[in-house]
Amino acid sequence: MAQPYVKKDDDHDDELEYSPFMGIEKGAVLQEARVFNDAQVDPRRCSQVITKLLYLLNQGESFTKKEATEVFFSVTKLFQSKDTGLRRMVYLIIKELSPSSDEVIIVTSSLMKDMNSKIDMYRANAIRVLCRIIDGTLLTQIERYLKQAIVDKNPVVSSAALVSGLHLLKTNPEIVKRWSNEVQEGVQSRSALVQFHALALLHQIRQNDRLAVSKLVGSLTRGAVRSPLAQCLLIRYTSQVIRDMSNHGQSGERPFYEFLESCLRHKAEMVILEAARAITELDGVTSRELTPAITVLQLFLSSPRPVLRFAAVRTLNKVAMTHPMAVTNCNIDMESLISDQNRSIATLAITTLLKTGNESSVERLMKQITNFMSDIADEFKIVVVEAIRSLCVKFPLKYRSLMTFLSNILREEGGFEYKRAIVDSIVTIIRDIPDAKESGLLHLCEFIEDCEFTYLSTQILHFLGTEGPNTSDPSKYIRYIYNRVHLENATVRAAAVSTLAKFGFMVESLKPRITILLKRCIYDSDDEVRDRATLFLSVLGGDGTVDNDKDSKVFLFGSLEVPLVNMETSLKNYDPSEEAFDINSVPREVKSQPLAEKKAQGKKPTGLGAPPAAPASGFDGYERLLSSIPEFAAFGKLFKSSSPVELTEAETEYAVNVVKHIFDNHVVFQYNCTNTIPEQLLERVNVIVDASEAEEFSESTSKALNSLPYDSPGQAFVAFEKPAGVPAVGKFSNTLTFVVKEVDPSTGEAEDDGVEDEYQLEDLEVVAADYMVKVGVSNFRNAWESMNEEDEHVDEYGLGQRASLGESIKAVIDLLGMQPCEGTETVPSNARSHTCLLSGVYIGNVKVLVRAQFGMDSSQQIAMKLAVRAEDVSVAEAIHEIVANG
Amino acid sequence: MELHPKVKNILLLDSEGKRIAAKYYTDDWPTNTAKEAFEKTVFSKTKKTNARTEVEVTALENNIIVYKFVQDLHFYVTGGEEENELILASVLQGLFDAVNLLLRGNVDKREALDNLDLIFLCFDEIIDGGIVLETDANVIAEKAGINSFDPNAPLSEQTISQALATAREHLTRSLMK
């Protein structure tokens, strides 16, 4: 515990605390500042006033422009005084006042005089002040002196100049870069700090010249660096060079590793730490490279200095995420840190242990954590809870002790974020470990009996509604749920009513009793609660025919199948009318950012020919655009539009991208063309498509663009017929044909005669993913289980050698064109296996779900197990075919 | 990219968390309100810890904070989360020892307020715009206190070594001419 503070003046105990600044007021101090103008400067008095001004500024008081200017002007008068102490304060206040450029002029000459003074302190400080306040033009005037100062005999002066150089490099790089030679000399300085500052500046000057940096590092690693700080810098630069080299494909023995390793034996601890950290952060570090770094960090763990322990455990914690095995050696030292006085260290130790621990140590660890949890802050507890969640996923057999732990801490005091972390963890465990379901649900039930957070109560009630009815004894949850109807606010009551209805619908034996309970809710004081009760009563009271059953099921359990954003837009656009709002009219496409749409904007009126259709983007826009064109209106409902694919390189004469529109038995290519040459007008712009490599397609119609003036995008269309409902694929080569007319840039008039010309575009492919619409599902597990298990198609694929799991997962997602669910498209770095959940709608409105499990072996070979469930068996087969051919 | 160690702020708070002196070197806390809020969080998070014998350390809002207390004074140095905490600790130790030297061992709030000019100078000599200027407490104290106008300042060893250094300096200067 803190030592009691011994008060010096016991007799002052009851009085106001003494402070020389008690009752200080800005106005009065500004008045006092007039002493600066006295003919006879009193250094002592003036210093005191400056201290008061600094105190005010430091406490957050701000001066108006006028006040600051006045103070600044009178301060400049103090340069007359020869008192060094006062001068030092003058420097300080000038920096704090940060005068404007027109005011700076006044002090420049005084400061320049000081820069050349015989007194070191004047030179050093005048440089720092001057460099802080001047601009580029003045800087060129004093550049000469600064260069001199860098190589000054006095280390303080040269440090001042070098550090100022580091600051100036941001605003006037071209000037500072001219000082290389002097800075280079500084690197050789015998003064530790000068070397440190010179090295920092030299690297900063050369940072964009990779070769120079590499040479600098190469020469210095041979042992010319003296101070620990400079050595730390050198380690940072070395890691950067190593990174750059590996980025540029230089393989073989890792360069400079030996240098980093030798720094682990440096006498300064800050250098050892810096080197150890640099080694652990090397890209693709091997366990052999790691070992010496882990060894020194392990020594730090038992240091009496908290900073060392913290630094070590923080670094090891990061290593444990990627190389848990390398850290296990430190487990014993780590365990003793659980009781560390410093709670940051203890929390880091625990989470590290949770990552590195093995199955047998879980129980012992949980016991230790329980003692520790009561006296740490919520933010630490959340970290621990999250670590426990991942531990449970790792060791499913240990769910009992982990679940007990979670339910115990759920009962204790805690804030919303903390409780939410616990509830989330329990929910995750229930989802992943079926055995844990019943006990987990009961823990949640107990929690809502005494839960002060409406949000958590409603979430748990909803979760109970989906999971509860499928348990062995659903009736035991009813009591907890119905209690909510009595004791809670309206939001929770409404959620409880919905949950009751779900039980009543799913569990036939409970139906009569639930009906009674719901009837009681009809007299609730809240509209929403009454409405829900009435609604569900009529659903439950139905005559039980199969048809009705299905509707009710969808009604109760169905998730909203359209993205919320789209739903919101559609509802906003809906005009109240006779026609009811149709949820099927809401687009299902998850909006992706239109990439090339910027080019397609800009509307300029065109005098010639028909005005081009307004550039449209997004699914709605495309649908409207296509249905407005008579040739395509008969194709039926648009199924999917791809994002634009560029067919030209950037910065070419004509920029063309294409959007693929998929209909049931047609495909329409929309070519968005932009003419980037001001001297040209293009007419009769058409795209000739060669479909010889796309056997199932036959061209039906095309629509040329009459006129394409400069910088005013237009669209040409080509439509193909294809077998209905079949996901035909193929490759198309495209040529842009047009008539060029010269335009006089001054008048904008085009010549009458034009020349026919053509322009080769890149090929275009229609792939299987074009027939898949990205449609997310809110609860993958529910959706998955609602599909027929017998229609599941499973197969395994070898994907060969890949750089990482994430890369191969992305490749599969792109190949299938499906929507990743529940964030499963992201892979923890260095994971060896991963499961990715995908959902989508295939052409013909067939819902498809995919569960893809990836695994990587030691030689980076990746295998994938792909399970597909679809409403139509043939579609599931088709998905496998896509993967097999991809 | 700047790779040199960076200090985000130096704080000196009293036993109630009130600011005695503070210097911020980044825009992470743009207003005085933001600064005060940060100081309050830092203080309440650390006040119960014992940081009187050794420099202590904690993490807060993606920052690493090292701190040390003496009597009713609380010293803090903040750096980014990627910073080497031992470098921050050496800055803090330099500050702490320099203040101790400048206040001649009587380090408490009253003495600090009475010599606030020295504290400000001390800050100024340790960090310049976030860059470590000096970490050796003797050098810092010398630079901040060398020309102290305090007539009561005793003639300590420091001033003698200072005098010798100046004499040596003058000699070399005249020789160089």
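**Figure 1. A:R305 and its salt-bridge partner A:E269 in the predicted model.** With a relative accessible area of 28%, A:R305 is partly exposed in this predicted model. Its side chain meets that of A:E269 in a salt bridge, 2.8 Å from N to O. A:E269 sits in helix α15 (residues 269-280) of chain A and A:R305 in the loop between α16 (287-301) and α17 (306-322) of chain A, so the pair ties together parts that are 36 residues apart in sequence. A:E269 is partly exposed too, at a relative accessible area of 33%.

**Figure 2. A buried pair, A:R87 and A:D114.** Here the side chains of A:R87 and A:D114 form a salt bridge with an N to O distance of 2.9 Å. Because A:R87 belongs to helix α4 (residues 84-97) of chain A and A:D114 to helix α5 (residues 101-115) of chain A, the pair ties together parts that are 27 residues apart in sequence. Are these two residues buried or exposed? Both A:R87 and A:D114 are buried.

**Figure 3. A salt bridge between the chains, A:E96 to B:K23.** Now we move to a pair with one residue in each chain: the side chains of A:E96 and B:K23 meet in a salt bridge at 2.7 Å, N to O. A:E96 is in helix α4 of chain A, while B:K23 is in strand β2 (residues 19-24) of chain B, so the pair joins two chains. A:E96 counts as partly exposed at 31% relative accessibility, and B:K23 is also partly exposed, with a relative accessible area of 27%.

**Figure 4. A charged network with residues from chains A and B.** A network of salt bridges links A:R88, A:K95, A:R128, A:R132, B:D124, B:E125, B:D128 and B:K143. One link to look for is the salt bridge of B:D124 with A:R88, whose closest N and O atoms are 3.1 Å apart. B:K143, another member of the network, is among the buried residues of helix α5 (residues 137-145) of chain B.

**Figure 5. The interface of chain B and chain A.** How many residues of chain B are in contact with chain A? There are 61, and they touch 74 residues of chain A. About 6,100 Å² of area is buried between the two chains, and carbon and sulfur atoms give 54% of that area. Eleven salt bridges are found across the interface, and 24 residue pairs are in polar contact between chain B and chain A. On the side of chain B that touches chain A, helix α4 (residues 116-126) of chain B provides the largest share, with six residues. That side of chain B divides into 24 nonpolar, nine polar and 28 charged residues.

**Figure 6. The largest nonpolar core, seen around A:F36.** This core has 247 residues, and those with the most contacts inside it are A:F36 and A:I369. Helix α2 (residues 85-102) of chain B gives the most to the core, with eleven residues. Leaving aside residues up to four places away in sequence, A:F36 touches A:C46, A:V49, A:I50, A:L53, A:S74, A:V75, A:K77 and A:L78. Another core, of 67 residues, lies apart from this one and includes A:Y654, A:V718, A:F854 and A:V868. As background, nonpolar side chains tend to be buried together in soluble globular proteins.

**Figure 7. Helix α5 of chain B and its cap.** Which residue caps the N-terminal end of α5(B)? B:D136 does, with a side-chain oxygen 2.9 Å from the backbone nitrogen of B:N138. The buried residues of helix α5 (residues 137-145) are B:A137, B:I140, B:A141, B:K143, B:A144 and B:G145. Of the 177 residues in chain B, 55% are buried.

**Figure 8. Chain A as a setting for the close-ups.** Chain A has 37 helices and 17 strands, and 51% of its 886 residues are buried. Among the contacts in chain A with a separation of 6 or more, 64% are between residues 24 or more positions apart. For chain B, the corresponding share is 46%.

Notes
Residues numbered from 1 in each chain as written. Chains lettered and ligands numbered in written order. Predicted model: local features only at pLDDT ≥ 70, side-chain atom pairs only at ≥ 80, totals over all residues. Heavy atoms only, no water. Salt bridge = Lys/Arg side-chain N within 4 Å of Asp/Glu carboxyl O. Helix = DSSP H or I, 4+ residues; strand = E, 2+ residues; numbered from the N terminus. Buried < 20%, exposed > 50% of the residue type's maximum accessible area, 1.4 Å probe, protein only. Contact = heavy atoms within 4.5 Å. Buried area = accessible area lost by both parts, 1.4 Å probe. Polar contact = N/O pair within 3.5 Å; in protein donor to acceptor, adjacent residues only side chain to side chain. Nonpolar A, V, L, I, M, F, W, Y, C, P; charged D, E, K, R; others polar. Core = buried A, V, L, I, M, F, W, Y, C linked by side-chain atoms within 4.5 Å.
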